[in-house]
Amino acid sequence: MTLMSYRALLDKKINEAFCREWHPQRRSRAEVFDADNGTGLRLFVQRRDGSWVQVHKEPPVVLEDEDDVSDLLARGLSAFLMKHPEWPR
């Protein structure tokens, strides 16, 4: 696979993970970004006023195989959900 394929795989996994809301009253979303020759992940929740706030950011890593994609997503979602009680309102 190529780097673009790993990026597409990450996008696919994120879409699957966020096909339903994690919290019934709080919308959430993930954003993939490229920096420093790697791919990172930002996770957001929506405040009551409709604005979005970043709750967690996974720093960019080089995606060399499917395990790297799964690891990045797992680390990001784990930290995101652990911070659930602290999500801004």
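Tutor: Here are some questions and answers about this structure, which is a predicted model.

Student: What is the order of the elements from the N terminus on?

Tutor: The order is α-β-β-β-α, and the chain has 2 helices and 3 strands. The radius of gyration is 13 Å, close to the 12 Å that the globule rule gives for 89 residues, so the chain is as compact as a globular protein of that length.

Student: And what box do the C-alpha atoms fill?

Tutor: Along the principal axes, the box is roughly 40 × 25 × 20 Å.

Student: Let's pick a residue. Why is F80 called buried?

Tutor: Buried means under 20% relative accessible area. F80 has a relative accessible area of 0%, so F80 is buried. You will find F80 in helix α2, which covers residues 66-82. Buried residues make up 35% of the 89 residues in the chain.

Student: How far apart are the C-alpha atoms of F80 and E58?

Tutor: They are separated by 9.7 Å, and the two residues are 22 residues apart along the chain.

Student: How do you know that β1 and β2 pair?

Tutor: Two strands pair if there are at least two bridges between them. Here 8 bridges join β1 (residues 28-35) to β2 (residues 38-46), so the two strands meet that definition. They run antiparallel.

Student: What do β1 and β2 form, and how many residues are between them?

Tutor: They form a hairpin with 2 residues between them. D36 is found in the loop between β1 and β2, and N37 lies in that loop too.

Student: Why are D36 and N37 called exposed?

Tutor: Exposed means over 50% relative accessible area. D36 has 73%, so D36 is exposed. N37 has 76%, so N37 is exposed as well.

Student: What is the phi of D36, and what is that of N37?

Tutor: Phi of D36 is near 50°, a positive value in a residue other than glycine. For N37, also a residue other than glycine, phi is near 60°, again a positive value.

Student: How much accessible surface does the chain have, and what share belongs to carbon and sulfur atoms?

Tutor: The accessible surface comes to about 5,600 Å², and 48% of that belongs to carbon and sulfur atoms.

Student: And where do the charges sit on average?

Tutor: The chain has 14 positive and 15 negative charges, and their mean positions are 11 Å apart.

Notes. Residues are numbered from 1 along each chain as its sequence is written. This is a predicted model: local features need pLDDT of at least 70, side-chain atom pairs count only at pLDDT 80 or more; totals for chains, interfaces and linings use all residues. Side-chain values use heavy atoms; hydrogens and water are left out. Helices (H or I, at least four residues) and strands (E, at least two) are DSSP runs, numbered from the N terminus. Buried means under 20% relative accessible area, exposed over 50%, partly exposed in between (1.4 Å probe, protein chains only). The radius of gyration is taken over C-alpha atoms; the globule rule is 2.2 Å times the number of residues to the power 0.38. Accessible areas come from the Shrake-Rupley method with a 1.4 Å probe; for residues, only the protein chains shown count as cover. Lys and Arg count as positive and Asp and Glu as negative; His and the chain ends are not counted. The place of a charge is taken as NZ of Lys, CZ of Arg, CG of Asp or CD of Glu.
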